[in-house]
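Please load the model in your viewer and keep the sequence panel open beside it.

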Amino acid sequence: MLDNIRFVLVETSHPGNIGAAARAMKTMGLGRLELVRPKLFPAAEATARASGAEDLLEVAQVHPDLFGALVGCRLVVGSSARLRSVHWPELDPRACAETLVREAVQGPVALVFGRERTGLSNSELQCCHYLAHIPTNPGFGSLNLAAAVQVFAYEVLQAHLAGGSEGAVVEGQELATAEAMEGFYGHLTETLFELGFADPSQSKKLLRRLRRLFNRARPDRNELNILRGILSAAQGRKLHRRERWRARPSESS
Ligand code: SAH
């Protein structure tokens with residue numbers, strides 16, 4: 001079950017933090033480390049700081065973007081040092097760990113960590129179902145990346161040991177994966193544009209709200225297919241209308 005829990009580090013600048021994160025994970029029984037565009041990896045500094053967790057570094061996958069690291073995931077949580085102005089569902093570390101452990105019984109889940117200097121971007125946060133924040137000193141709230149990994153990894157192990165995965169299986173519910181949701185959001189954006197409802201470059205807030213709505217709904221595969229069918233039908237009708245409109249001048253001549 002713990003193998004289904006991925007810790008994803010996005011654009012880590014310091015290879016030492018990657019090694020320290022691997023060590024933090026291994027002490028808590030976690031082994032799936034995914035790296036998105038690390039600045040320097042593999043690196044001697046990462047190996048040195050892993051001190052005994054080099055096996056995690058050896059199998060760590062490197063991805064060109066966040067989507068690659070999330071392929072197959074049914075649940076994505078973003079960890080954030082700051083609570084953002086964009087209102088997104090939030091979890092504290094314990095609830096985050098309980099949710100990850102419960103859902104990992106049914107498929108891959110991910111906890112995403114941001115860059116040392118700037119954290120996660122808004123568009124990366126919008127790929128997440130929840131944000132998780134470690135409560136800290138209000139005047140000094142940003143943990144070192146590997147320290148944040150350690151806090152969450154500890155909570156995941158506690159949730160696992162407390163039997164958080166028992167009785168969690170829900171029959172017949174195959175939730176849409178992260179890549180299926182991204183495909184849907186692309187289709188939705190395109191359709192809204194074609195229908196003249198919204199210009200994607202002008203409607204970031206609208207798209208964010210729609211993402212929040214559908215992420216909250218957690219559609220399964222069939223439901224997502226229905227939604228995409230509706231979008232395709234709307235696109236087709238738009239085409240038909242356009243065709244009818246185009247046909248009109250010649251009809252009248
Ligand atoms: N200056 C950055 C801090 C990044 S720290 C910012 O303000 O966003 C690097 C990463 O460690 C963060 O992106 C987050 O994933 C994790 N992290 C650090 N402190 C955290 C906290 N208090 N709660 C949750 N995650 C934290």
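Are H5 and H7 oblique or roughly parallel to each other? Bear in mind while judging this that the model is a predicted one. Select helix H5, residues 93-104, together with helix H7, residues 145-161, and you will find that their axes come within 8 Å and cross at roughly 55°; H5 and H7 are therefore oblique to each other. The crossing in which H5 passes H7 is right-handed. To see the contact itself, show the side chains of Pro 93, Arg 94, Cys 96, Ala 97, Glu 98, Leu 100 and Val 101 on H5, and those of Val 151, Phe 152, Glu 155, Val 156, Ala 159 and His 160 on H7. Coloured by class, this contact of H5 with H7 has 9 nonpolar, 1 polar and 3 charged residues.

The contact of H1 with H7 has 8 nonpolar and 3 polar residues, and no charged residues. In this pair, too, H1 passes H7 in a right-handed crossing.

Next, select helix H8, residues 178-194, and helix H9, residues 204-217, which pack at an angle of about 140° with their axes 11 Å apart. H8 and H9 are therefore oblique to each other, and their crossing is right-handed. On the H8 side the contact is made by Met 181, Glu 182, Phe 184, Tyr 185, Leu 188, Thr 189 and Leu 192, and on the H9 side by Leu 206, Leu 207, Leu 210, Arg 211, Phe 214 and Asn 215. By class, the residues of this contact of H8 with H9 divide into 9 nonpolar, 2 polar and 2 charged.

Within that pair, centre the view on Thr 189, which is placed in helix H8. Leaving aside residues up to four places away in sequence, Thr 189 touches Pro 200 and Leu 207. If you draw a C-alpha to C-alpha distance from Thr 189 to Lys 204, it spans 10 Å, although these two residues are 15 residues apart in sequence.

Turn now to the ligand, which is surrounded by 21 residues, the closest being Ser 79, Arg 82, Arg 117, Ile 134 and Leu 143. A backbone N or O atom of Gly 141 lies 3.1 Å from a ligand nitrogen atom, and one of Ser 80 lies 3.2 Å from a ligand nitrogen atom.

Finally, select the loop between strand S2 (32-36) and helix H2 (44-50), where Pro 42 is found. A cis peptide bond joins Phe 41 and Pro 42, with omega at about -5°. Arg 37 is also placed in the loop between S2 and H2, and its phi is near 40°, a positive value in a residue other than glycine.

Terms used. Residues numbered from 1 in each chain as written. Predicted model: local features only at pLDDT ≥ 70, side-chain atom pairs only at ≥ 80, totals over all residues. Heavy atoms only, no water. Axes fitted to C-alpha atoms, helices over the stretch in contact; angles between N-to-C directions. Helix = DSSP H or I, 4+ residues; strand = E, 2+ residues; numbered from the N terminus. Parallel < 35°, antiparallel > 145°, perpendicular 65-115°, else oblique. Left-handed = near helix turned anticlockwise from the far one by under 90°. Contact = heavy atoms within 4.5 Å. Nonpolar A, V, L, I, M, F, W, Y, C, P; charged D, E, K, R; others polar. Near = heavy atom within 4 Å. Polar contact = N/O pair within 3.5 Å; in protein donor to acceptor, adjacent residues only side chain to side chain.
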